[in-house]
Amino acid sequence: MKLIRNLMLAAVAALSIAGPQAVRAQDTQQAVAQDSVIETIKRRGVLKVGMATFVPWAMRDKNGDLIGFEIDVATKLAEDMGVEVEFVPTAWDGIIPALISGKFDVIIGGMSITPARNLTVNFTDPYAHSSVGVMAHIAESEGKTWPDDFNATDVTFSCRRGATPCEYIKTHFPKATLRLFDDQAQVVQEVLNGNATVMLSSQPLPAFTIYENPDVVFSPTDTPIDPSNEAFALRKGDPDALNFFNNWILMRTGDGWLAERHDYWFGGRPWADLVPD
């Protein structure tokens, strides 16, 4: 009996010590949860999404409305959250600073995971995978073999400012000239016009453009370059938001919804009649 009594007293003492700590831990957990962007979105009733136009991730249709894979993803995410969605078009090279300053809640824009970006923002699990393709002007590339002959002073690359292929170009083609543009359409047009020799960009844009302009441009290589994983980007210090977005991606990967939407936008061009020529 004495042993049992002593054990009971010890248990009561332990609870009296742990009680305040448990209460403080619970208060901290509740405070962290209240600070999550998820709670902000629920109170506001709107999910604000940072994005940039980039075929076929996000683009304008003939009526000026946004369509594309990212638009479908963000719209479905908002629907599953029970809120509206608001898209905030942003220049790509300024999209991470805009996220950090609170102009929107999350970036859903085909952003590849890189160590440099991950130092500034948190990434979810990947929800898409891609690689970089090459598109070159036929006349401007005559007699050149990929990749060695493109690392030359008479070669000009075009690239979207802030995009990961730009760093690849700087590293592997240091002798070439690199022209940077804010709009991906300008990047493409520079090559089509012959003002630039070649461009590197996430597929399937190079492949689609070559298909539409076979007499003007071609791919000097069929080898996938710099395979990447695309993820949502969000501000650091928000474990609840990271958990929610990761689980949403897991669920929509498991039920096949993400794969079905990706196949629609990337597997061909059934949507071609929806966008301006």
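Ala, Val, Leu, Ile, Met, Phe, Trp, Tyr, Cys and Pro count as nonpolar here, Asp, Glu, Lys and Arg as charged, and the others, Gly among them, as polar. This is a predicted model: local features need pLDDT of at least 70, side-chain atom pairs count only at pLDDT 80 or more, and totals for chains, interfaces and linings use all residues. Residues are numbered from 1 along each chain as its sequence is written, and side-chain values use heavy atoms, with hydrogens and water left out.

**Pockets**

- A pocket is an open set of points on a 1 Å grid over the protein atoms alone, where a 1.4 Å probe fits, with protein on both sides within 12 Å along at least five of seven lines; lining residues have an atom within 4 Å of a point.
- Volume is the space filled by probe spheres set on the points, which are joined across faces, edges and corners.
- The largest pocket holds about 640 Å³.
- Its lining counts 23 residues, with Val 55, Ala 185, Leu 205, Val 275 and Pro 276 nearest the centre.
- Strand 2 (59-60), helix 7 and helix 8 each give two or more residues to this lining; helices (H or I, at least four residues) and strands (E, at least two) are DSSP runs numbered from the N terminus.
- Helix 7 gives the most, five residues.
- By class, the lining of the largest pocket splits into 13 nonpolar, five polar and five charged residues.
- The second largest pocket holds about 270 Å³.
- It is lined by 18 residues, and Arg 117, Gly 162, Ala 163, Thr 164 and Glu 167 lie closest to its centre.
- Helix 6 supplies the largest share of that lining, four residues.

**Cores**

- A nonpolar core is a set of buried Ala, Val, Leu, Ile, Met, Phe, Trp, Tyr and Cys residues joined through side-chain atoms within 4.5 Å.
- The largest has 44 residues; Phe 69, Val 73, Ile 108, Tyr 127 and Phe 232 have the most contacts inside it.
- Helix 3 provides the largest share of this core, six residues.
- Val 73 touches Ile 108, Tyr 127, Phe 232, Trp 248, Trp 257 and Leu 258, residues up to four places away in sequence not counted.
- Another core, of 31 residues, lies apart and includes Phe 104 and Trp 146.

**Met 81**

- Met 81 sits in helix 3.
- Met 81 is buried, at 16% relative accessible area (buried is under 20%, exposed over 50%, partly exposed in between; 1.4 Å probe, protein chains only).
- Beyond neighbours within four places in sequence, Met 81 is in contact (heavy atoms within 4.5 Å) with Ile 38, Ile 41 and Phe 244.
- The C-alpha atoms of Met 81 and Ile 41 are separated by 8.9 Å, at 40 residues apart along the chain.
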